[in-house]
Amino acid sequence: KSSAQLNSNYKVQDLIHKQVAAVINFPNKKIGKVMSEVLVLGFPDNQNEPILVSPDYKIENGGRLY
């Protein structure tokens, strides 16, 4: 689970099965009512809303980012 606020640039159906870069070895953090378990990585757009970091090609889940 993540508390990432993505609804400005993404619809739920756009995110199902989408691979994204995320940090999984941070401690869990309570953000509002959600216990966030991962830090999803992205860049801000012109309105400072997140654009997800995503691979161009399908890769094995759980790989390291370098």
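Buried means under 20% relative accessible area, exposed over 50% and partly exposed in between, with a 1.4 Å probe and protein chains only. This is a predicted model, in which local features need pLDDT of at least 70 and side-chain atom pairs count only at pLDDT 80 or more, while totals for chains, interfaces and linings use all residues. Residues are numbered from 1 along each chain as its sequence is written, and side-chain values use heavy atoms, with hydrogens and water left out.

**View 1. Q19 in the loop between α1 and β1.**
Q19 sits between α1 (12-15) and β1 (22-23). Helices (H or I, at least four residues) and strands (E, at least two) are DSSP runs, numbered from the N terminus. Q19 counts as buried because its relative accessibility is 14%. Its side chain reaches the backbone oxygen of I59 at 2.6 Å. The side chain of Q19 also makes a polar contact with the side chain of N61, at 2.7 Å. A polar contact is a pair of N or O atoms within 3.5 Å; within protein, one must be able to donate a hydrogen and the other to accept it, and residues adjacent in sequence count only if both atoms are side-chain atoms. Leaving aside neighbours within four places in sequence, Q19 is in contact (heavy atoms within 4.5 Å) with V53, S54, P55, Y57, K58, I59, E60 and N61.

**View 2. S36 in strand β3.**
Strand β3 covers residues 34-36 and includes S36. With a relative accessible area of 8%, S36 is buried. A polar atom of the S36 side chain lies 3.4 Å from the backbone nitrogen of S3. Not counting residues up to four places away in sequence, S36 touches K1, S2, S3, N28, K29 and I31.

**View 3. G63 in the segment after β6.**
Strand β6 spans 50-52, and G63 is found in the segment after β6. G63 counts as exposed, because its relative accessibility is 58%. K18 and G63 are 45 residues apart in sequence. From C-alpha to C-alpha, K18 and G63 are 15 Å apart in space.

**View 4. The setting of these views in the protein chain.**
From the N terminus on, the order is α-β-β-β-β-β-β. The C-alpha trace spans about 35 × 30 × 20 Å along its principal axes. Of the 66 residues, 11% count as buried. Among contacts with a separation of 6 or more, 57% come from residues 24 or more positions apart.
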